[in-house]
Amino acid sequence: MAKILKGAPVAAALNEQTAQQARALAARGVTPTLAIVRLGARSDALSYEQGAVKRCQQVGVAVRHVALPELTPPFAFFAALKALNDDPAVHGILLLRPLPEQIDAQAARCAIAPEKDVDGCTDGSLAGVFTNAALGFPPCTARAALEVLDYYGIDPMGKRAAVVGRSLVVGRPAAMLLLHRGATVTLCHSRTRELPAVLRESELILVCAGQLRLVGAAHLRAGQTVLDAGIHWCEAEGRLCGDVDFAAAERVVDAISPAPGGLGSVTTSVLARHVVEAALRRSEN
């Protein structure tokens with residue numbers, strides 16, 4: 001049976017490190033502050049907001065809520081973002097998405113100052129990921145994957161890695177982070193031919209394709225580490241499941257993260273960590 005790479009102990013270790021840094025900043029009169037911008041009251045946005053607020057409270061990060069009506073006109077929305085960019089007391093901005101149709105999502109994403117983009121969604125942050133520069137921050141789930149590997153002592157250096165999923169939210173930035181850590185990375189997607197053969201050649205696999213149980217035993221072999229960044233509601237079983245068929249994979253591979261209970265539980269800890277890191281960067285300038 002595989003070693004289960006649970007997210008809870010990883011999150012706890014991250015939270016302790018973040019809280020120590022936040023206390024050090026507080027001693028210097030700096031309160032790390034996250035502004036959460038939400039248009040309307042979608043249930044999924046409210047749920048994520050609640051989780052982020054809870055995590056921030058645990059580690060000493062203050063939260064400022066910017067709740068706007070769903071039909072807020074673009075000029076008012078962008079004015080609110082500019083005010084947060086210009087406010088020195090705000091260190092991080094989290095824009096909850098998807099946005100209502102009257103807001104240009106691309107323009108909104110890039111309206112956030114990269115140094116405050118703790119969710120890693122702007123072009124500036126993504127440029128920092130691809131060039132391995134301290135510009136903005138990587139997307140939280142992509143960094144969470146590396147935090148899980150680090151916590152469990154799994155070094156990507158020299159390993160053949162495969163990332164299944166090419167989104168800018170997880171797949172492509174995660175591939176770059178692994179590349180910067182010395183892995184040889186194959187970026188796969190829904191049109192990759194002979195995906196099972198490609199994955200069986202890899203030692204480290206991150207699945208973030210957004211397809212329920214896309215990867216199963218036929219894609220895997222002994223000796224592999226598998227990280228599952230997917231999360232879906234499985235109607236037939238009445239529970240949440242991932243992009244990997246966990247029950248089948250667990251019998252084959254050496255180590256695997258569960259979904260739920262794996263990367264997702266680390267993501268909000270990474271978000272809070274980014275806010276504190278943003279405050280540290282600002283205090284050092």
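Q: Which residues line the second largest cavity?
A: The structure is a predicted model, in which local features need pLDDT of at least 70 and side-chain atom pairs count only at pLDDT 80 or more, whereas totals for chains, interfaces and linings use all residues. Residues are numbered from 1 along each chain as its sequence is written, and side-chain values use heavy atoms, with hydrogens and water left out. On a 1 Å grid over the protein atoms alone, a cavity is a set of points where a 1.4 Å probe fits but cannot get out, a pocket is an open set with protein on both sides within 12 Å along at least five of seven lines, and a lining residue has an atom within 4 Å of a point. By that rule, the second largest cavity is lined by Ala145, Leu146, Leu149, Leu178, Leu204, Ile205, Leu206 and Leu227.

Q: Which elements give two or more residues to the lining of the second largest cavity?
A: Elements here are DSSP runs numbered from the N terminus, namely helices (H or I, at least four residues) and strands (E, at least two). Those that give two or more residues to the lining of the second largest cavity are H6 and strand S7 (204-207).

Q: How many residues of the lining of the second largest cavity are nonpolar?
A: Ala, Val, Leu, Ile, Met, Phe, Trp, Tyr, Cys and Pro count as nonpolar, Asp, Glu, Lys and Arg as charged, and the others, Gly among them, as polar. In the lining of the second largest cavity there are no polar and no charged residues, and the nonpolar residues number eight.

Q: How much space lies in the largest cavity?
A: The count of cavities of 30 Å³ or more comes to two. A volume is the space filled by probe spheres set on the grid points, which are joined across faces, edges and corners. For the second largest cavity this gives about 40 Å³, and for the largest cavity it gives about 50 Å³.

Q: Which two residues does the cis peptide bond with omega of about 10° join?
A: Arg38, Leu39, Arg42, Ala45, Leu96, Arg97, Pro98, Leu99 and Pro100 line the largest cavity, and they divide into six nonpolar, no polar and three charged residues. One of them, Pro98, has its place in the loop between S4 and helix H4 (105-111). The cis bond with omega of about 10° joins Arg97 and Pro98.

Q: Is H6 roughly parallel or oblique to H7?
A: Axes are lines fitted to C-alpha atoms, for helices over the stretch in contact, and angles run from 0 to 180 degrees between N-to-C directions. Angles under 35 degrees count as roughly parallel, over 145 as roughly antiparallel, 65 to 115 as roughly perpendicular and the rest as oblique. The axes of H6 and H7 come within 8 Å and cross at roughly 40°. That angle makes H6, relative to H7, oblique.

Q: Which residues of H1 make the contact with H6?
A: The axes of helix H1 (residues 7-27) and H6 come within 10 Å and cross at roughly 95°, and the two helices are therefore roughly perpendicular to each other. Contact means heavy atoms within 4.5 Å. On the H6 side it is made by Glu147, Val148 and Tyr151, and on the H1 side by Pro9, Val10, Ala13 and Leu14.

Q: Which helix supplies the largest share of the lining of the largest pocket?
A: About 1300 Å³ of space lies in the largest pocket, which is lined by 42 residues, with Tyr48, Thr141, Val169, Ile231 and Thr267 nearest its centre. At least two lining residues each come from helix H2 (43-59), strand S4 (92-95), helix H6 (140-151) and helix H10 (264-284). The lining divides into 21 nonpolar, 14 polar and seven charged residues. The largest share, six residues, comes from H2.

Q: Which helix supplies the largest share of the lining of the second largest pocket?
A: The second largest pocket holds about 350 Å³ of space, and of its 19 lining residues the closest to the centre are Val129, Asn132, Pro138, Arg143 and Leu177. Helix H5 (123-131), H6, helix H7 (171-180) and H10 each supply at least two residues of this lining. The largest share, four residues, comes from H6.

Q: Near what value is phi of Asn132?
A: Asn132 lies in the loop between H5 and H6. Its phi is positive, in a residue other than glycine, and is near 60°.
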